[in-house]
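Look over the sequence and the model first, then read the points by topic.

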Amino acid sequence: MKAVRLEATGELRLREIAKPVPDARELLVRVEACGICGTDRHLFHGEFPSKPPVTLGHEFTGIVEEVGASVRGFARGMRITGDPNISCGRCAECQRGRVNLCVNLQAIGIHRDGGFADYVIVPEKQAFALPDDLDPVHGAFCEPLACCLHGVDLAEIRTGSSVIVLGGGVIGLLVVQLARLAGATSVVLITRSAEKRRLGKTLGATATADPGDSDIVERVISQDGLLPGGADVVIECAGVAETIEQAPALARRGGTVVILGVMPQGAKVTIEPFDLLFREIRLIGSFVNPFTHRRAAELIASGAINVEPLISRRIGLSEAIEAIANPARPGEIRALVVPHLG
Ligand code: NAP
Ligand code: ZN
């Protein structure tokens, strides 16, 4: 079978490798689609630890081709989405129920072979069923959606809450939709591209703003701004210093800030502790998808989340290397690898 292998930092190759064999508790899955995410680019550049040689791709969906002898919940022919993050179940964090913080966390597509390939091995406990009639490319959004769900859960959005989303990439545009589903009545999307702001509105943002060059914080929270006094919840989905620094200032007194965006390890930003204290701002990090993958699969299966406009292009395995090794194209939201395209 064909697989996109990270051989070493900066070295991706399309290789012919042996089709893997599932063990007793695993599924062999024929990949239908696998999203290219910023993490794949970080892995390529060595900015995120991995274990080469390894097949990349952690946002995959596909059809079960073979099941291990002890598998009970799945049969050949079923469509599944895989939760790539495998926790050990034994460490102190796992036993506290904080499985995303597992000290032995192993991810499919990072530490073990992933979905930029004709086939991928998925442990049964990491698989969740999807409907037969779903567009398979939509199934590839379960993983990013599950990460967004965790962030939105941590934000504790309530009916009538006001929410600001910083950054209109795939994560921001999924968070906008989840915030509305969670009951927020005002959702303001702040992102630079006019096209993403337009899309944000069609997906549920009640208002949008261009961070532009004048002070965006002042423009949003001033008395005649979009959310005078600030938002109940601010969700940072851009992963740049500027937006992380803006986030607490955009929250109202007693508000909550959730950081979903990833900055490079070791990067620093300036935060005013007095402001966090004096206005009791809750500042929370949100990491991957603890126990949210099933709900994400259900949301995608039901059509409650609109992912079609987030799909920028479908490419074959042979085009995946160029797409991973380079930044996303201008205006691109999500490129998806569809192995049967070649
Ligand atoms: P992305 O496509 O790069 O989206 C980020 C968006 O932020 C860009 O599209 C950009 O849109 C916007 N942006 C950049 N600078 C901005 C600024 N100064 N003000 C406002 N918006 C700005 O990435 P993504 O796939 O959506 O992911 C977003 C972040 O979440 C990344 O850092 C990713 O690594 C992270 N992530 C975290 C988790 C987790 O578990 N926490 C899971 C998945 C992804 P404009 O050009 O329109 O400004
Ligand atoms: Zn653990």
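Buried means under 20% relative accessible area, exposed means over 50%, and partly exposed lies in between, with a 1.4 Å probe and protein chains only. This is a predicted model, in which local features need pLDDT of at least 70 and side-chain atom pairs count only at pLDDT 80 or more, while totals for chains, interfaces and linings use all residues. Residues are numbered from 1 along each chain as its sequence is written, chains are lettered from A and ligands numbered from 1 in the order in which they are written, and side-chain values use heavy atoms, with hydrogens and water left out.

**Zinc site**

- Cys88 (SG), Cys91 (SG), Cys94 (SG) and Cys102 (SG) coordinate the zinc ion (ligand 2) at 2.3 to 2.4 Å.
- Donors are N, O and S atoms within 2.8 Å of the metal (3.2 Å for Na, K and Ca); water is not among the atoms, so sites may look incomplete.
- The arrangement around the zinc ion (ligand 2) is tetrahedral, because its four donor atoms subtend angles of 102 to 118°. Four donors count as tetrahedral if all angles lie between 85 and 135 degrees.
- The donor residues follow the spacing C-x2-C-x2-C-x7-C in sequence.
- Cys88 is buried at 18% relative accessible area, and Cys91 is buried at 9%.

**Salt bridges**

- The whole structure holds 17 salt bridges. Each is a side-chain nitrogen of Lys or Arg within 4 Å of a carboxyl oxygen of Asp or Glu.
- Arg13 pairs with Glu11, with the closest N and O atoms 3.5 Å apart. Arg13 is partly exposed at 37%, and Glu11 is partly exposed at 28%.
- Arg112 pairs with Glu26, with the closest N and O atoms 3.4 Å apart. This pair links distant parts of the chain, 86 residues apart: Arg112 is in the loop between strands S8 and S9, and Glu26 is in strand S3. Helices (H or I, at least four residues) and strands (E, at least two) are DSSP runs, numbered from the N terminus.
- Arg112 is partly exposed at 28%, whereas Glu26 is buried at 12%.
- Glu156 pairs with Arg282, with the closest N and O atoms 3.5 Å apart. Glu156 lies in the loop between helix H4 and strand S11 and Arg282 in strand S16, so the pair ties together parts 126 residues apart in sequence.
- Glu156 is exposed at 53%, and Arg282 is partly exposed at 34%.

**Backbone points**

- Most residues other than glycine have a negative phi, and most peptide bonds are trans.
- Glu156 has a positive phi, near 50°.
- Phe291 also has a positive phi, about 55°, although it is not a glycine. Phe291 lies in the loop between S16 and helix H10 and is exposed at 63%.
- The peptide bond from Pro52 to Pro53 is cis, with omega near 0°. Pro53 lies in the loop between helix H1 and strand S4.

**Second largest pocket**

- The second largest pocket has about 280 Å³ of space. Its lining has 18 residues, and the closest to its centre are Asp83, Asn85, Ser87, Val99 and Phe291.
- On a 1 Å grid over the protein atoms alone, a pocket is an open set of points where a 1.4 Å probe fits, with protein on both sides within 12 Å along at least five of seven lines; lining residues have an atom within 4 Å of a point. Grid points are joined across faces, edges and corners, and the volume is the space filled by probe spheres set on the points.

Conventions:
Four donors count as tetrahedral if all angles lie between 85 and 135 degrees; four count as square planar and six as octahedral if opposite donors are over 155 degrees apart and all others between 65 and 115; anything else is irregular.
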